[in-house]
Each structure stands twice: as C-alpha cells, then as structure tokens.
Amino acid sequence: MIQHLASLPILLPMLAAVILLLPPCGKSVKIRRYASNAMALITFAVSVFLLMHIYNTGISVYAIGDWSAPFGIVLVADNLSTLLVALTSFLGLGAILYGSAGDDEKGSFYHPLVHFLVLGVNGAFLTGDLFNLFVFFEVLLIASYALLMHGGDKQNTRAALQYVILNLVGSSVFLIGLGILYGVLGTLNIADMAQKVSQLNGDDVFIAKAGGLLLLIVFALKGALLPLHLWLPNTYASAKPVVAALFAIMTKVGVYAMLRVYTVIFGEQAGALEHMVQPWLWGLAIATIIVGAMGAIAAQDLRKLTANLVLVSVGTLVALVALQNVNATAALLYYLVHSTLVSAALFLLADLIAKQRGKVADRLVGGRAVKQPLLLGACFVVAALTVVGMPPLSGFVGKIWILKSTLNSEQALVFWPVYLITSFVLLVALSRAGTSLFWERKDKRSESPDCADANPLQVTVIIGLLACSPLLVIFGGPISEYMVGAATQLHDISGGINAVLKGGM
C-alpha cells in the first residue's frame, strides 16, 4: 500500500465525488453530508501521513502503469508538494464541514464539486510533468466554474462569466506554450526538461524563451498577478463565502507553478535561459502588492477587503519566488500556509457577520449590531492581528522571516518600504472595517437583532482555521525546519532530476 501512497490524495477525492453522485448519497442530504465529511477526513489523514512519510524517507516517484519518467506519467511527492496537498485537504475538510451547516442546500452538487476541486488542486501539486499540470488545472477550473454558481444570482453569474472567459483564454495560451516547449525539448516531464534546457543553442533558445514567457502569462492569470488580477476581487467577493474560502488555495496553485517551473526548469542550471523571468516577476510582484493594498483600503465590504488581501499575499509570494534562493523560498512556504488559512477564515467570518447584520450584511457602514459581538469580534481581532503581522501570531513570524530573507538582496531598498507601508495600510483598512462592523450603529433601537446564533459547526471551522496561527508559532521550530528542508530540496535541482528520472513506483 505504501508504494501507492502518493496517488491517494488524487484517487480518494475522485472516489468521494463519484460516490456522492450515486444513490443513496445522491438522494439523501443527511447521508451525503456524512459520507462527504468522512471522505474528506480520510483524504486529510492520508495527506498528513504522506507528508510525514516523505519527510522521513525522501522524494517518492509514482510511475503510473510502471512507465518510468520521462516516457510515462509520474507523480512526484516531495516536501513541497506534500505540504501543499495537506494544506489543500485541510481546507477542503473545512469547506465541507462549514457547508454541511446548510450552505450545501443552496445549490446542487456542492459536496461532489468540492471533492473534484480538491482532486484538481492536489493533482496540480503532485504531477511531475507540465501536460498533466494543464489537465489538473482544467479539472479544478471546471469544478470552480460550477461552485461559483452555487446558490448564485445575477451578480454571481456576471463574475463567473468573466472568470470562465479569462481562464478559457489562459488554457489556450497554456497549450500553445506547452506545444512550443515540447517542440524544442521533446519532453514535458519537468525533470527531463530541466536536464535538456541547458543544452539548447541557436534559435532554439529564443523559441524556448517564448514558450516559457507564455507559461508566465498563464501562471500570472491563475495566481492573479498584475495586470491579470482584475478578475479576482469581484469573483471572490461575489462567490458564496464558503466557496471563496476554498478558493484561497487556488491562487497558490499559480504561485506554485511559477516556483516549480522557474526554479527547476529555468533556474540556475538553465544555461542561456537562467532566471529568465526574474526581472518580470519582481516588478509585477511589487505592483500587485501596491494595488492589493489600495484595493483593501478602498473596499466597501469585508469580502472585497479579504479578496484584496489575497492579492497582497500573491504579490508577496511572487516577490519571494523572484529572489530564487533557499531562505526566500522557506519564508515563502511559511507565509503561504499562514496567508491561505487566515484568508479562508476571514471569508467565513464575513459570512457569519453578514447574517447577523441584516440588510447591510458585511458592508463597511454603520448598521445594526451583530448578535454575538464577543465571539465574532474576538475572531475578527485575531484574524486582523494575524494579517497585519502583530506578535505573537504567525503573521509576525512570517513578516520577520520575509524581511530577513530579503535583507541582503539588491531589491531590499524597494521591497522593504513597500512591504512595511503596505502592512500599515492593511492595519488601517482592517481597523476601519472592525469599527464599522462592530462599533458604528445606525439604528440604536436594533441593538438585539432578531436572528439565529451562528451555527456551532461553522464557528468551529473558523476557530480551527484561526487556531492554526498560534500553532504555527508554538511549533515554529520544527515547522521552520521543515520549510527550510523543503526549500533546500526544491533548489537541489540535480538531486531532484536524478530522483525523478531514476525513480519508480
């Protein structure tokens, strides 16, 4: 069974989705919820076990059909991919638990779609070749199209249409880029491409560069990097909060693809194509951070504010990708986990606040009081302090690690002021949001709104996500050691190539 372990984070969600479409799960809401939660819990447990197994034994290469790389389809489980698979499975479990409190009844096939989305994201993290990265991109995108319409209205439809059109264009560009790279390299296996790209000469170098830049366009679109970011705020703000919380991991797929492709294939061993996108990444990352901060301070509701926080996190992550060193990548991984979890918690928190404020919902204007101000207010304060990087939460550790990793770089004179000013802007934006949501009152007679308390299951999910922040600090020693190990393994390009091309099931 151990030899098949790397395939289970893909197979289990696929099996769960199929089961949930069939009787009796397809007929009974209660049975569907129990089955979905059970399968999500199993997927998460397997993902954690895989992470621990790979950490102790090293890179595992699963050759489907026993066809070894570069000729067959391989799944590559290393410290980086298993970390992100575990994070995805955890978010998937949270989304299913939260949806089981009633949101799953607002549209059809919520549970199967969530499992299909987890399948696509896990596959994108585990695949060892670019063509199957495209395939898993399409799987997760198809599931995301349907989830965007879950319980939707005209606003959802408009945002979903924009999202679909942009991603269809992105998929076309992806295929063109893959065709160009396959034409000059004769392979799409990531390890094999990394081995062959340094051997290019003449016009093949410029053709491969064109293919690599086309992939950058695709990954920038998936990750919402400026100027291809315009779809994200409206899409995430118009989606159901539980769906937006799950989508917090989707922009990280684009960042992961940049990290994997431009570190391994076009990294320091790429000869004439060494670090070819680094100047592009750096400028676009800084611009994305600035635009995200401006969007956050101008946001009129909590969901739009949180969506712009996702933009800021994307810009920060891509800036660290551009630095191309072990310390920056280790800081990137820590910040990626932290930002994904707190963004998901804020989207869900916006949902509970909106339900208790009546018609004003989560808009940042004076309105009636929330029914549970202490509970929701405390959760908001923890989330806000985590986002802006105040001690003793994970945002502070992540910020210090990021600043330290960029200290000796040429870009520090630009990055430090931008990053620190952005942190202050986010502090102002979140302080304004907290004041509007919990202190301002338009109607003093409505201090006790007539609405139900937040569902305990939904509150548990939010608290579970927020609890990860202090846990990332409490267990900071072993976690930082893991992040450094994962970053070192990624940058050991020769070792990774040998492990994949000489590995097997």
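**First stop: the largest cavity**

Select helix α20 (493-501), which gives the most to the lining of the largest cavity, with four residues. The model is a predicted one, in which local features need pLDDT of at least 70 and side-chain atom pairs count only at pLDDT 80 or more, while totals for chains, interfaces and linings use all residues. Residues are numbered from 1 along each chain as its sequence is written, and side-chain values use heavy atoms, with hydrogens and water left out. Helices (H or I, at least four residues) and strands (E, at least two) are DSSP runs, numbered from the N terminus.

The space in this largest cavity is about 220 Å³. On a 1 Å grid over the protein atoms alone, a cavity is a set of points where a 1.4 Å probe fits but cannot get out, and a pocket is an open set with protein on both sides within 12 Å along at least five of seven lines; lining residues have an atom within 4 Å of a point. Grid points are joined across faces, edges and corners, and a volume is the space filled by probe spheres set on the points.

Next, select Val76, Asp78, Arg260, Val264 and Val500, the closest to the centre among the 18 lining residues of the largest cavity. By class, this lining comprises 11 nonpolar, four polar and three charged residues (Ala, Val, Leu, Ile, Met, Phe, Trp, Tyr, Cys and Pro count as nonpolar, Asp, Glu, Lys and Arg as charged, and the others, Gly among them, as polar).

**Second stop: salt bridges**

Keep Arg260 and Asp78 selected: they form a salt bridge, with the closest N and O atoms 3.0 Å apart (a side-chain nitrogen of Lys or Arg within 4 Å of a carboxyl oxygen of Asp or Glu). Arg260 belongs to helix α11 (residues 250-265) and Asp78 to the loop between β2 (74-77) and α3 (79-99), 182 residues apart. Both Arg260 and Asp78 are buried (under 20% relative accessible area, with exposed over 50% and partly exposed in between; 1.4 Å probe, protein chains only).

Then select Asp103 and Lys355, another salt bridge, with its closest N and O atoms 3.9 Å apart. Asp103 lies in the loop between α3 and α4 (110-126) and Lys355 in helix α14 (residues 326-356), so this pair ties together parts 252 residues apart in sequence. Asp103 is buried, at a relative accessible area of 6%, whereas Lys355 is partly exposed, at 39%.

Move to Asp362, in the loop between α14 and α15 (373-388). Is Asp362 buried or exposed? It is buried, with a relative accessible area of 3%. Its side chain reaches the backbone nitrogen of Arg303 at 3.1 Å, a polar contact (a pair of N or O atoms within 3.5 Å; within protein, one must be able to donate a hydrogen and the other to accept it, and residues adjacent in sequence count only if both atoms are side-chain atoms).

**Last stop: the largest pocket**

Finally, turn to the largest pocket, with a volume of about 720 Å³. Select Leu51, Leu83, Ala86, Leu472 and Ile479, the closest to its centre of the 20 residues that line this pocket. The pocket lining divides into 19 nonpolar, no polar and one charged residue.
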